[in-house]
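Reader: I'm new to this one. Can you put it up and walk me through a few helices?

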Amino acid sequence: MLGYAVRRLLWAIPTLIFVSFIAFVIIQLPPGDFVSAYAAQLRSGGEYITELQEELMRQQYGLNDPILVQYWRWISNIIFHGDFGRSLEWNAPVSDLIWDRLGLTLAISTLSMIFTWMIAIPVGVYSATRQYSVFDYVFTVFGFLGKGVPDFLLALVLMWMAFVWLNMDVGGLVSPEFQDRPWDFDKFVNMLSHIWIPLVVLATGGAAGLIRVMRANMLDELRKPYVETAYAQGFSERTVVWRYPVRVALNPFISTVGWALPALFSGDVITAVVLNLPTTGPLLLQALKMQDMYLAGSFILILSVFTVIGTVLSDILLAMSDPRIRFS
């Protein structure tokens, strides 16, 4: 297992370099560049800059250099100096912009994932062991609705209900009066009154899909001979179900670590924009819209690192949880 993990991590190095280069190129594929996008943004607000000013900005940011030169300047600084560059739009170090929002992003994403698993695992097990019962049909309807309703639409509905019925302004992570205030107990309590909506929104879609997956896997396992053998030996239903079939049926949850780690970093972009959350998702979206290649490229590079690490971790955890899986 150790040799497998080392080989995968070594292969990850050229993979990450290739992904970072492709991402850096794709960000600049749309017509124009950051300067043209910035000039268009100024024109929409009634301000203008001359063509000479645009050209001077391109020279200042090195946008006239060949793309290979731009890429090498960026990736070499990351590799040798740990410097992700400066955001063209924000005129600030990329690392500062990302780390400032990373804590809240990880907190919201982690809580929503835990909430999702707390719902999906027991509900999926119950639906499988009580197939075609009333609650099985209820959870089936919930699953279809949860997968069918877009997260951003559910966010808008919950925001409207909280505003109309509870007289709460739940936009953002804290109320406006706490926006620039240092973190203390009152600000933390105020955040708790806002954070429940993103948690419910993010957990609903994920739990709805995983409930169906857990139910289907459990139904497959419950029909296998080893379960009948365990019942024949006199074990209780609770012992049989939770010790054997559930352990195997959890494999899809473990295998999702590969995409769960990058999801923790990026969060749900559209939901964060709708709810006005100060997470990394809206920052990535704005960087892509403005062709801010250093900020957007750094985001994608970090997401790729999380994806590779998550994939290796999921493979190792699968082998540890299911003895039928072996590495060759």
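Author: A definition to begin with: helices (H or I, at least four residues) and strands (E, at least two) are DSSP runs, numbered from the N terminus. This is a predicted model, where local features need pLDDT of at least 70 and side-chain atom pairs count only at pLDDT 80 or more, while totals for chains, interfaces and linings use all residues. Residues are numbered from 1 along each chain as its sequence is written, and side-chain values use heavy atoms, with hydrogens and water left out.

Reader: ok, what comes after α7?

Author: Asn167 follows α7, and its phi is positive, near 55 degrees.

Reader: and how far apart are the end C-alpha atoms of α7?

Author: They are 21 Å apart. The expected span of a helix is 1.5 Å times one less than its number of residues, so the 15 residues of α7 (residues 151-165) should span 21 Å, which agrees.

Reader: which residues of α7 are buried?

Author: Ala155, Leu158 and Ala162 are buried in α7. Buried means under 20% relative accessible area, exposed over 50%, and partly exposed in between (1.4 Å probe, protein chains only). The three cover an arc of only 70 degrees around the axis, which puts them on the same side of α7. That arc is taken from the directions from the helix axis to the C-beta atoms.

Reader: why would residues a few places apart point the same way?

Author: An α-helix has 3.6 residues a turn, so residues three or four places apart point the same way.

Reader: what's on the face turned away, and what covers the buried residues of α7?

Author: The face turned away from the buried side of α7 carries Trp160, Phe163 and Trp165, which are exposed. The cover over the buried residues includes α8 and α14 (269-275). Contact here means heavy atoms within 4.5 Å.

Reader: now α6. Which residues are buried there, and which are exposed?

Author: Asp136, Thr140, Gly143 and Gly146 are buried in α6. Looking down the axis of α6, the buried residues fall within an arc of 130 degrees, so they line one face of the helix. Val134, Tyr137, Leu145 and Gly148 are exposed on the other side of α6. Among the elements covering the buried residues are α5 (94-129) and α8 (185-222).

Reader: how do α6 and α8 pack?

Author: At an angle of about 130 degrees, with their axes 8 Å apart. Axes are lines fitted to C-alpha atoms, for helices over the stretch in contact, and angles run from 0 to 180 degrees between N-to-C directions. That makes α6 oblique to α8: angles under 35 degrees count as roughly parallel, over 145 as roughly antiparallel, 65 to 115 as roughly perpendicular and the rest as oblique.

Reader: which residues of α8 does α6 meet?

Author: Thr204, Gly205, Ala208, Gly209, Ile211, Arg212 and Arg215 in α8 meet α6 residues including Asp136, Thr140 and Phe142.

Reader: and α5 with α16, what angle there?

Author: About 55 degrees, with the axes of α5 and α16 (residues 293-321) 10 Å apart. That makes α5 oblique to α16 as well. On the α5 side the contact is made by Val94, Leu97, Ile98 and Trp99, and on the α16 side the residues include Tyr294 and Phe299.

Reader: last one, Glu51: buried or exposed?

Author: Glu51, in α3 (residues 51-61), counts as exposed at 70% relative accessibility.
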